[in-house]
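User: I would like to learn how to read the features of a structural model with some care, beginning with the overall fold and moving on to individual residues. Could you take me through one case?

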Amino acid sequence: MNHFLAHRQDAKRGFLNESDSHHALRVLRLKIDDTISVSFGDGLVYSARIISLDKKNCVFELIEERRKESPSKLHIAIAPTKSNDRLEWFLEKAVELGIASIQLLVCEHSERKVYKTDRGERIIESAFKQSHKGFMPKLKPVLKIKDFLKKSLPSQRLVASLNDGPKVNLGEVNIKEECLVLIGPEGDFSSSEIELLQAHGFQHLNLGAEVLRTETAAVHVASIFNFQSQEA
């Protein structure tokens, strides 16, 4: 069954945007009375029946609730990788594993300081459809660390770095509360950035003895958090 990010018309009906309507008609060859899977991005996934379809507008009526996802409490702030492909691989996996938001950060050692979020949003939506998800992570535009720290942040704040000091294991995190994890660039956070983060209440996160790539560390955090959430 094909899955779509939909828009609500009323309590029992919804519609697809023009691009998805065209895809449903011309590519998937769907017809009136065909059944599709839809979500409005609120965590609920429905079966729906197409009641009207042309290349610009697909209208459906909800049949039944298929699944309800619990919203993730995990927020990841990550420095964009030098290669867009590596960052976008993480964006795809972030959807599949289920996290709440992704903040892009510019650090002193960042090799990439610009990323077009509209490109990332397309990748996130594609992964959302492919994996039949109910929630999509919010992708937030690039910010410098100093500007990011001015925002209201969760009380559980962790930073993944190569620091040699005391570290917190992910198993010690309260998965029922909002949690923010910072993942630095290939060259890690600078010493001044570490001091700044510590001053803002960040604890160091233990990801094991291996030195992980930026995107690998982010997926590692998301997968463990996802597993613990399902076990809780």
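This is a predicted model: local features need pLDDT of at least 70, side-chain atom pairs count only at pLDDT 80 or more; totals for chains, interfaces and linings use all residues.

User: How many helices and strands does the protein chain have, and what share of its residues is buried?

Analyst: Helices (H or I, at least four residues) and strands (E, at least two) are DSSP runs numbered from the N terminus. The protein chain has six helices and 13 strands, and its C-alpha trace spans about 60 × 35 × 30 Å along the principal axes. Buried means under 20% relative accessible area, exposed over 50%, and partly exposed in between, with a 1.4 Å probe and protein chains only; the areas themselves come from the Shrake-Rupley method. Of the 232 residues in the protein chain, 45% are buried.

User: Which residues of helix α1 are buried, and which are exposed?

Analyst: The idea is to compare the directions in which residues leave the helix axis, the arc being that of the directions from the axis to the C-beta atoms. In α1, the buried residues include Asp 20, Ser 21 and Ala 24. These three lie on the same side of α1 because they cover an arc of only 105° around the axis. Ser 19 and Val 27, on the other side of α1, are exposed.

User: Which residues form the positive surface patch?

Analyst: A patch is made of residues with over 30% relative accessible area and no salt bridge, like charges being joined within 9 Å and nonpolar side chains (Val, Leu, Ile, Met, Phe, Trp, Tyr) within 5 Å. Lys and Arg count as positive and Asp and Glu as negative, whereas His and the chain ends are not counted; the place of a charge is taken as NZ of Lys, CZ of Arg, CG of Asp or CD of Glu. Here Arg 26, Arg 29, Lys 55 and Lys 56 form a positive patch. Arg 26 belongs to helix α1, residues 18-27, and its relative accessible area of 43% makes Arg 26 partly exposed.

User: How many salt bridges does the structure hold, and which one involves Asp 20?

Analyst: Side chains of opposite charge can pair when their charged atoms come close. A salt bridge is counted when a side-chain nitrogen of Lys or Arg is within 4 Å of a carboxyl oxygen of Asp or Glu, and the structure holds 15 of them. One joins the side chains of Lys 129 and Asp 20, at 2.7 Å from N to O. This pair links distant parts of the chain, as Lys 129 is in helix α3 (residues 117-130) and Asp 20 in helix α1, 109 residues apart. Asp 20 counts as buried, at 5% relative accessibility, and a network of salt bridges links Asp 20, Glu 125 and Lys 129.

User: Where do the partners of the salt bridge between Arg 86 and Glu 186 lie?

Analyst: The side chains of Arg 86 and Glu 186 meet at 3.3 Å, N to O. Arg 86 lies in helix α2 (residues 84-97) and Glu 186 in the loop between β12 (179-183) and α5 (191-199), so the pair ties together parts that are 100 residues apart in sequence. Glu 186 is partly exposed, at 33% relative accessibility. Glu 92 and Lys 93 also meet in a salt bridge, at 3.0 Å from N to O, and Glu 92 is partly exposed with a relative accessible area of 26%.

User: Which residues have a positive phi although they are not glycine?

Analyst: Most residues other than glycine have a negative phi, and most peptide bonds are trans. Asp 33, with a positive phi of about 85°, lies in the loop between α1 and β4 (35-39) and is partly exposed at 47% relative accessibility. His 132 has a positive phi of about 55° and is found in the loop between α3 and β9 (138-144), where His 132 counts as buried at 18% relative accessibility.

How values were computed: Residues are numbered from 1 along each chain as its sequence is written. Side-chain values use heavy atoms; hydrogens and water are left out. Accessible areas come from the Shrake-Rupley method with a 1.4 Å probe; for residues, only the protein chains shown count as cover.
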